[in-house]
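Please read them with the structure open.

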Amino acid sequence: MTIAEPTENIPSGDNRLLGDDVKMREIGRLERFLGPDNYRILKGLVKTPASRVGFLLVFIFAMVAIFAPLIIPPVPPNSPSKIPRDGYKNDPQPPGSPWKRQVPEIPFWYKTLTGKEEWVHLMGTSEGSYDIFYGVIWGTRTAFTTGLVVTIATFIIGVIYGSVSAYYGGIVDNIMMRILDVLMILPSTLAALIFAAVLTPKIGKSVMPVMLALIAFGWMGYARIIRGDILSIKERDYIMAAKVSGVKNSRILFKHIIPNAIFPTLVLASLGIGDVVLSFAALSFLGIGTETGYADWGQLLSFARNWISSLGTYWYIVVYPGMTLVLYVMGWNLIGDAMRDVLDPRMRGKS
Amino acid sequence: MTTYIIRRLLLVPILLLGVTFLIFGMMQLLSPVERTALYLKDFPKNDKAIEGLIKRYGFDQPVYVQYWNWLMGVKNPNTGEREGGILHGDFGYSRSSSMPVGDLIKRRFPNTVDLALWAMLPMISIGIWLGVQAAVHQNSWIDQGLRIFSIVGTSFPTFVFGLLVLMVFYAKLQWLPPGRLSGWASAVVDSPQWRTYINILTIDSLLNGRFDIFWDALRHMLLPVLTLSYINWAGFLRVTRSSMLETLRQDYVVTARAKGLAERDVVFGHARPNALLPVITMAGFSIVGLLGGVVITESVFSYPGIGSAAARAAVSLDIVTMLGFAIFNGLILIVANLIVDIVYAFIDPRVRLS
């Protein structure tokens, strides 16, 4: 399908738009499906080199998460999310030291890439003889699951809350927004910390308390954004038309308004995964959340807290998990940075 | 202006009420027995004792009565007067620090203020300077370099950055230690000769005329200050840059250029003061955030502020302390936000007229 600038109704004598000057532009399937605004956002996202690096990083991490069992297989009696322990020695062991107890099977790539017959601790072991390489690889899964679950949950809550508030407006909106203000007073790390601490004795030490806490104090941003978008869409003619023809409120909201207003929030939410993983790692670093030995980057880093004065020797207990976390968050941030430029209202209408 | 301030002031009690509801609500997730345990300093002798305590603190009463008790204190059956209650500054007893939460806050908060005062300066001034540089040299290599710098900055989790600087400056080079004071210095501070003025160490040490202690305290703060600055520069850079770019496109800047002003005067005399308006709000909120205790930074550097105390309380599931901190924090943040908003309305008339 092609569209052309309209040729009728042009005053005679003004032939700037006639003939060869008329620009014809192909409209792809995707553009027709998403609509021009959303298509522009998507195009802006894959355009810059920075965002491409971001997509590449996230893609690599996704592959690592999916193929984790092929990279380093779990050691049978343990659940896969448990880092195997090579004995109970407290001191960290340097990279390349031999792996004696709880040794995983040799994966297909190992001998060719390392040239060794037996497993060694590729990135060393951390406090308590936990293997860092295993933690880094399987921690990717933890990062994606926590990131996805928390983001999806906060997104749904935020969208419902924000759209109800915006659609009903007036006093409802006012009250709901004040509640939001209250929830946003406490810094999110502190609020999540408190809530996770209250929940931990109830549901036990696992990823759950921290995830619930991050959900409880993470949805407010989305509610604000979608509220703003809905307030502008609410006034459009087609909503008036639906109202006049007697469509139910809830149907207008869910069938007509939200689908048209949701895209920017959706994109922002998809990029919030990096932030969620950051907060999760931070809480886990402080010692809230997963049980000892769970494959998650924050906890691997928290082991380093007891060795601060000897980090000069034990650099690998910080550098490997730390850099993994940084690269993961950076991947999402690079995409997010491109996103901010595309979504910035001042940039709209300029290509 | 007056109406704006009044409108803004009216919001304060609502927010305060909201915060107390929120924190009280979190507490309600615990059963009466668990909540009783929070008030105990020692283990109870038997089950009867617990029941007695539940009765005494009114945990078997309707929620609104409990809320009132929590705010105003519980009636003492003998005297009939209310005792404790957060409105009387009684936040409960901190198990993790073995002292009342109020005392803990009193002891830790000056340290947090000290750190905030020192972190503020480099954080804001350098952040703004970088942002102006990026805007003035838009799309040049300086701008691109700063863009990468800021993306790396936002991607670095505070604790990873903190651990890395500790690794380099403490473990390897032995220059800058974590903690608050060296052993000899804290001996001096604890000695009877030391006079406490406002409890903020760097200021007190100057008032005492002890420059060696001033330097020691500062030395311990340099790494947290560096960490906080680096993490926050990215935000200041981005906001300043975009605001500056927008201002540089305004007509009055074009006029200034057209009448032949030097580029220096155009940028720093005409554009920058106006471009800094949104940055001021951001700076205000950052300072407020610093005062609220930077949980992770303080924990990484074992800096004894309220943030690290909150983290320790959370790890040992000391909920009374956590909630005490939350109330205190909420209070600071509400008041500080109010001040930021009013100051901002003074600076930018558009706010109060809208």
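1. Gln174(B) counts as exposed, because 10 C-beta neighbours lie inside 10 Å (a residue is exposed if 12 or fewer other C-beta atoms lie within 10 Å of its own, buried if 20 or more do, and partly exposed in between, with C-beta atoms placed from the backbone). Its place is in the loop between helix H7 (158–172) and helix H8 (183–190) of chain B. Helices (H or I, at least four residues) and strands (E, at least two) are DSSP runs, numbered from the N terminus. Gln174(B) is not a glycine, yet has a positive phi of about 60°.

2. The model is a predicted one, in which local features need pLDDT of at least 70 and side-chain atom pairs count only at pLDDT 80 or more, while totals for chains, interfaces and linings use all residues. Residues are numbered from 1 along each chain as its sequence is written, and chains are lettered from A and ligands numbered from 1 in the order in which they are written.

3. Asn139(B) sits in the loop between helix H5 (101–136) and helix H6 (141–155) of chain B. Its phi is positive, about 65°, although Asn139(B) is not a glycine. Most residues other than glycine have a negative phi. Asn139(B) is exposed, because 9 other C-beta atoms lie within 10 Å.

4. Trp99(A): buried or exposed? Trp99(A) is buried, because 21 other C-beta atoms lie within 10 Å. Trp99(A) belongs to the loop between helix H4 (68–71) and helix H5 (110–114) of chain A. Beyond its neighbours within four places in sequence, Trp99(A) is in contact with Asp86(A), Trp119(A), Val120(A) and His121(A) (two residues are in contact if their C-beta atoms, placed from the backbone, lie within 7 Å). Gly298(A) is 199 residues from Trp99(A) along the chain, and their C-alpha atoms are separated by 23 Å.

5. Chain A has 15 helices and 2 strands. Of its 351 residues, 42% are buried. Among the contacts in chain A with a separation of 6 or more, 72% are between residues 24 or more positions apart.

6. Chain B has 17 helices and 4 strands. Buried residues account for 38% of its 354 residues. Residues 24 or more positions apart make up 66% of the contacts in chain B with a separation of 6 or more. Taken along the principal axes, the C-alpha atoms of chain B fill a box of roughly 85 × 55 × 40 Å.

7. How many residues of chain A are in contact with chain B? The count is 41 residues of chain A, against 42 residues of chain B. On the chain A side, helix H7 (170–185), helix H8 (188–203), helix H13 (273–286) and helix H15 (316–343) each supply at least two residues. That side has 30 nonpolar, 8 polar and 3 charged residues. Here Ala, Val, Leu, Ile, Met, Phe, Trp, Tyr, Cys and Pro count as nonpolar, Asp, Glu, Lys and Arg as charged, and the others, Gly among them, as polar.

8. Chain B is divided into domain 1 (2–90) and domain 2 (99–353), with bounds that come from an automatic or database domain assignment. The C-alpha centres of the two domains lie 34 Å apart. In domain 1, 13 residues are in contact with 13 residues of domain 2. Helix H1 (residues 2–27) of chain B gives the most to the domain 1 side, with 9 residues. The residues of that side divide into 10 nonpolar, 1 polar and 2 charged.

9. The largest nonpolar core has 180 residues, and Leu193(A), Ile194(A) and Ala310(B) have the most contacts inside it. A nonpolar core is a set of buried Ala, Val, Leu, Ile, Met, Phe, Trp, Tyr and Cys residues joined through C-beta atoms within 7 Å. Helix H10 (residues 211–248) of chain B gives the most to this core, with 15 residues. Domain 1 (2–90) and domain 2 (99–353) of chain B both give residues to this core, so the core lies between them. Leaving aside neighbours within four places in sequence, Ile194(A) is in contact with Met26(B), Ala314(B), Met322(B), Leu323(B) and Ala326(B).

10. In the contact of H15(B) with H16(B), Ile306(B), Ala310(B), Ala313(B) and Ala314(B) in H15(B) meet Thr321(B), Met322(B) and Phe325(B) in H16(B). These residues divide into 6 nonpolar, 1 polar and no charged.
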